[in-house]
Amino acid sequence: MPDRPAPFQLALLNHKGGTGKTTLAFNLAAALAQRDSTLLVDLDAQGSALQWAAQGGEPLPMRVQAAHPLPPAADAAEPTAFVVWDCPPAIDSPQVLALLARLDWVLVPVLPSPVDLWASWHLVRLLQQASSGNPGLRAAFVINQAEPDSALTAAMHQALREFGLPVLTTVVRRRAIYRSAALGGQAVQMLGRRGAAATAELEALIEEILK
Ligand SMILES: Nc1ncnc2c1ncn2[C@@H]1O[C@H](COP(=O)(O)OP(=O)(O)OP(=O)(O)O)[C@@H](O)[C@H]1O
Ligand SMILES: [Mg+2]
């Protein structure tokens, strides 16, 4: 079998719960699948991404699978250009540490609240340690559930910069469509005009990651 190029691997990681890891993993995987074959791996024992995928009747643009055992993505049976990992709200597990050694990108969703930031130092240190074993690893914060208040978003960008981890310029707004898409087992891009604004911000996010 000819060698396939290694897939681009992106994980959504934050030990804080409810920051949008699954929401962004699911929707980013669907958006990446517009470009090339994509696998979404649910690393979380809660199985939220798998449940999300099981809700809808419509076929999804990406493959979705559980991570037991941790899939050797580069040798996946089907060609895979992008692997998106939905991580549990934990960062010290052996699975997450093993994953950090082979990822290209870690996206850390944070809510626009100082309380959510205070918990981030541990994660930033872990990512710095992971970079010494995986020098190609890139990581950034992304603000999720941003309100249309530019002063607050600017203050968040400023506060996040103190952690020494880049912050993506694109912010993900708080939008009901992200919740209704999950209810229907869909990604926002599958919802036509109703999902257009959310789809556009995810595209901007992908552009920042892949540039
Ligand atoms: N941008 C958004 N706009 C509106 N609702 C959102 C947005 N992002 C996430 N949510 C909602 O916030 C809640 C938490 O999101 P999600 O489950 O993606 O977080 P998580 O980090 O995966 O949580 P956990 O740590 O439990 O795995 C969900 O109800 C989700 O629908
Ligand atoms: Mg989750």
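A salt bridge here is a side-chain nitrogen of Lys or Arg within 4 Å of a carboxyl oxygen of Asp or Glu. Keep in mind that this is a predicted model.

Q: How many salt bridges does the rule give?
A: The rule asks for a nitrogen of Lys or Arg within 4 Å of a carboxyl oxygen of Asp or Glu. Counted that way, the total comes to four.

Q: Which residue meets the side chain of Glu-147 in a salt bridge?
A: Glu-147 sits in the loop between β6 and α6, and its partner is in the loop between α6 and α7, 27 residues apart. The N to O distance is 3.8 Å, and the cut-off is 4 Å. The partner is Arg-174.

Q: Is Arg-174 buried, exposed or partly exposed?
A: Buried means under 20% relative accessible area and exposed means over 50%, with partly exposed in between. Arg-174 has a relative accessibility of 47%, so it counts as partly exposed.

Q: Which residue forms a salt bridge with Arg-175?
A: The closest N and O atoms of this pair are 2.9 Å apart. Arg-175 lies in the loop between α6 and α7 while its partner is in helix α8, so the pair ties together parts that are 26 residues apart in sequence. The partner is Glu-201.

Q: Is Glu-201 buried or exposed?
A: Look at its relative accessible area, which is 8%. The limit for buried is under 20%. That makes Glu-201 buried.

Q: Which residues are joined into one network by salt bridges that share partners?
A: Start from the salt bridge between Arg-35 and Glu-207, at 3.0 Å from N to O. It links distant parts of the chain, with Arg-35 in the loop between α1 and β2 and Glu-207 in helix α8, 172 residues apart. Salt bridges that share partners give one network of Arg-35, Glu-203 and Glu-207.

Q: Are the rings of Phe-26 and Trp-52 stacked, tilted or edge-to-face?
A: A pair of aromatic rings is described by the distance of the centres and the angle of the planes. The rings of Phe-26 and Trp-52 have centres 4.1 Å apart and planes at 5°. Planes under 30 degrees apart count as stacked, so this pair is stacked.

Q: Which helices hold Phe-26 and Trp-52?
A: Phe-26 and Trp-52 are both buried. They are 26 residues apart in sequence, so the pair ties together separate parts of the chain. Phe-26 lies in helix α1 and Trp-52 in helix α2.

Q: How are the rings of Trp-121 and Phe-163 arranged?
A: Their centres are 4.3 Å apart and their planes meet at 35°. Stacked needs under 30 degrees and edge-to-face needs over 60, with the rest called tilted. So the pair is tilted.

Q: What is the distance between the end C-alpha atoms of α6?
A: Helix α6 has 12 residues, so at 1.5 Å a residue it should span 16 Å.

Q: Within what arc do the buried residues of α6 fall?
A: The buried residues of α6 are Thr-153, Met-156, His-157 and Leu-160. They line one face of the helix, because seen down the axis they fall within an arc of 100°.

Q: Which helices do the buried residues of α7 pack against?
A: First find the buried residues of α7: they are Ile-177, Tyr-178 and Ala-181. They cover an arc of only 105° around the axis, which puts them on the same side of α7. The face turned away from that side carries the exposed Ala-176, Arg-179 and Leu-183. The buried residues of α7 pack against α1, α2 and α8.

Methods: Residues numbered from 1 in each chain as written. Chains lettered and ligands numbered in written order. Predicted model: local features only at pLDDT ≥ 70, side-chain atom pairs only at ≥ 80, totals over all residues. Heavy atoms only, no water. Buried < 20%, exposed > 50% of the residue type's maximum accessible area, 1.4 Å probe, protein only. Helix = DSSP H or I, 4+ residues; strand = E, 2+ residues; numbered from the N terminus. Arc of directions from axis to C-beta. Contact = heavy atoms within 4.5 Å. Phe/Tyr/Trp six-rings, centres within 6.5 Å; stacked < 30°, edge-to-face > 60°. Expected span 1.5 Å × (residues − 1).
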